[in-house]
Amino acid sequence: METLVLFALLGLGSGALIASIAVGVVLSWRGSGTINIAAGAVVMVAGYLFWALRTGYFFPALTTPAALIITLALMALLAVLVELAAVRPLRSASPLAKLVASIGVLLLLQSLVQLVFGTSPLNSPAVLTEGVVTVAGATVPVAQFILAGVVVAISAGLAALYRFTRFGVATRAASESERSAVLAGLSPASISLVNSVLAYVTAGFVGILAASIVGISASTLPLLVIPALAAALFAGFTSLGVACGVGLLIGIAESLLSYASTQSWFPSQDGMALPGLQQLVEFLLIVVALWWRGSSLPQRGEIVGRSLPPVPRQERLLLRVAPVFVAGAVALVVLPSEFRQAVTVGLVATVLCLSFVVIMGYVGQLSVVQLALAGFAAFAVSRLGTEFGLGFPLAPIIAILLATGLGMAIGAAALRVRGVTLVVVTLAAGVAIESFVFANSQWGGGQTGAPVDSPSLFGLNFGPDAGMRGLDGSLPSPVFGFVALVVATLMYVIVAHLRSSDLGRQMLAIRSNERAAAASGVNVRSIKIIAFGITSALAGIAGVMYAYQFGTVSANSYSITVALTLVASVYVLGVTLAQGAVLAGFGAIGSVIPLILQKWVLPEDRVSLYVQLLIGGGLLLQLRFFPDGLLVASSVKKDRKAQTPRVLAPGRQLEGSVRS
């Protein structure tokens, strides 16, 4: 019992950090109506800034009070900058655009921190006392209680602020109806700015206090937004008290789970506790919260109508595809080996990015689980070959079907929610799959990866080690590149044609207005499940091809950061056009554009960070100046120009017209 009490109380520190992020998520929702995916990155930035000021990383070391005050001032400034750059310009944009903007902020902050401070975790100087106290026979650091008390006090103070002050009434009024708030003389933009500052300062303050307990890491702190989102969901994105309480309970539960993993009865593998159970529990909590509160989640009352990027028709597909197909085939033969491999990787990534076009561009749902589904299919191919002796084509078919089924199950878990709230469950699902499946040496790859045999049929090798060579006579063979080219072209044509099909029109109706679509006879639930099936199948195909291309599967290739980067790049170029998926695919890590940057522009070991930085910053610029996407804006402009009637000179008429 003493040990249980000890671990429960030790969970107060991480629980307080989760609770502070959850409170920040609620504040952001109240102020701007946006689910702030970057809330965990706020804690990360505060921790690194305080560490730098306290240890003299940039300037002479400051005292703890001075470093604390300056850090909080910088966090307030950061809130203002993010508000002006990523929130205020998008007040009239769609919820999807606002949510993608928060992903851009996350990518930008994370890449900047890693470029400045490195990727290794840091130990922060302690701010709170290092004393201990005995509770029920267990010796617990006093800092745990102080952290919990600080978060509870801040939440109670904020709750009182919103309940009893004019600012709180104004925030509720703007949240329910911005039009009515404006008529009453209120400024929704100013209200959103104040709420953002409160959210950033609150999360930053608790993050500084907790940094010496949980550590500072640019890879783990941003992911604390997942349990925080679970707490915010249970709070309905409105109750600060519930968000705080559930956040603390999640921290305690995860600490107890950590204790349970040390027991002999706990599921283990190779003498080690089964990995990823914490992330799996967080995912299940989010699923429970969505099923419980999904239909009652608040909707934002905004001044203007919310529009999504247009979905241009794809005309003359074969004429567009044929030259690119020929150019790709020639490139696979004549280019040097490293560029030949980069082209193949770009084709594989194109298939994956096409899945974002379907779920985001056609249905208007933000899902980030596709890369994890691709990894699931890749590991399935490996296990089917090594443990069951299944080869090509049976193994990839089964793997794709398994990935499709898993994706449809994840989609079914969020059927009670409308709009972009789907991102919460898919974000948690992606991290859970990465930690629970990929890191498991039995059904994933563990720390060493999993081997994959080359695809062969009737004695013919179709893999990258086939007998045929490029002009330079080296591997990889262009044979598998040809296979990837055919598959990518076929998937491109299918996705582009889907837009004008009956199924595509039903998807677009749901994208525009789910209630109106249901009233017109569209089975919203069925179409969503079908859309998830299509996007999951595309992800599975990409995962299988990726496994065959490299001959091994590693969990590092399917991280959630890579998934968010792909989502952002597709949205920058045009999430409603298949062409956007092609360019995003060739900009993916390991493909042509990063290879060019690596060879002639950027340091090799930092290419991925600079690409992440460029995509995050580019996304914010694109949403500000080209909110529909670069390619979509260009396509719409051409269509309007083509439809504009030509003005004729006096006395002339169109050929074939009849004189009056």
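The following dialogue takes up several features of a predicted model and the reasons for the terms applied to them.

Colleague: Why is Phe237 called buried?

Modeller: Buried means under 20% relative accessible area. Phe237 has 2% relative accessibility, so it counts as buried. This residue sits in the loop that links helix 9 (225–234) to helix 10 (240–260).

Colleague: What makes the phi of Phe237 worth noting?

Modeller: Its phi is near 60 degrees, a positive value in a residue other than glycine.

Colleague: Why does Ser435 count as buried?

Modeller: The cut-off for buried is under 20%. Ser435 has 17% relative accessibility, and it therefore counts as buried. Ser435 is part of helix 16 (residues 422–438). With neighbours within four places in sequence left aside, Ser435 is in contact with Pro275, Gly276 and Gln279.

Colleague: How do you know that the span of helix 10 agrees with expectation?

Modeller: The expected span is 1.5 Å times one less than the number of residues. Helix 10 has 21 residues, so it should span 30 Å; the end C-alpha atoms are 30 Å apart, and the two values agree.

Colleague: Which residues of helix 10 are buried, and what covers them?

Modeller: The buried residues include Leu240, Ala243, Cys244, Val246, Gly247 and Leu248. Further along, Glu254, Ser255, Tyr259 and Ala260 are also among the buried residues of helix 10. The cover over the buried residues of helix 10 includes helix 1, helix 5 (142–164), helix 9 and helix 11 (277–293).

Colleague: What makes helix 20 mostly covered?

Modeller: Of the 27 residues in helix 20, 20 are buried, and the helix is accordingly described as mostly covered. Helix 20 comprises residues 524–550 and reaches 39 Å from its first C-alpha to its last, close to the 39 Å expected at 1.5 Å a residue. Just after helix 20, Gly551 has a positive phi of about 75 degrees.

Colleague: Which residues does Met360 touch?

Modeller: Not counting residues up to four places away in sequence, Met360 touches Leu96, Val100, Gln365, Leu366, Ser367, Val567, Tyr571 and Val575.

Colleague: How do you know where empty space is left?

Modeller: A probe the size of a water molecule is rolled over the atoms, and this shows where empty space is left. A space is called a cavity where a 1.4 Å probe fits but cannot get out. The structure holds 5 cavities of 30 Å³ or more.

Colleague: What is the volume of the largest cavity, and what lines it?

Modeller: The volume of the largest cavity is about 220 Å³. Its lining has 19 residues, of which Ser32, Thr34, Val82, Ala86 and Val87 lie nearest its centre. Helix 3 gives the most to this lining, with 5 residues. By class, the lining has 8 nonpolar, 6 polar and 5 charged residues.

Colleague: Where are the peptide bonds described as cis?

Modeller: One joins Phe392 and Pro393, with omega about 5 degrees. Pro393 lies in the loop between helix 14 (370–388) and helix 15 (394–412). The bond from Leu475 to Pro476 is also cis, with omega near 5 degrees. Pro476 is in the loop between strand 7 (460–461) and helix 17 (478–498).

Terms used:
Residues are numbered from 1 along each chain as its sequence is written. This is a predicted model: local features need pLDDT of at least 70, side-chain atom pairs count only at pLDDT 80 or more; totals for chains, interfaces and linings use all residues. Side-chain values use heavy atoms; hydrogens and water are left out. On a 1 Å grid over the protein atoms alone, a cavity is a set of points where a 1.4 Å probe fits but cannot get out, and a pocket is an open set with protein on both sides within 12 Å along at least five of seven lines; lining residues have an atom within 4 Å of a point. Grid points are joined across faces, edges and corners, and a volume is the space filled by probe spheres set on the points. Helices (H or I, at least four residues) and strands (E, at least two) are DSSP runs, numbered from the N terminus. Ala, Val, Leu, Ile, Met, Phe, Trp, Tyr, Cys and Pro count as nonpolar, Asp, Glu, Lys and Arg as charged, and the others, Gly among them, as polar. Buried means under 20% relative accessible area, exposed over 50%, partly exposed in between (1.4 Å probe, protein chains only). Contact means heavy atoms within 4.5 Å.
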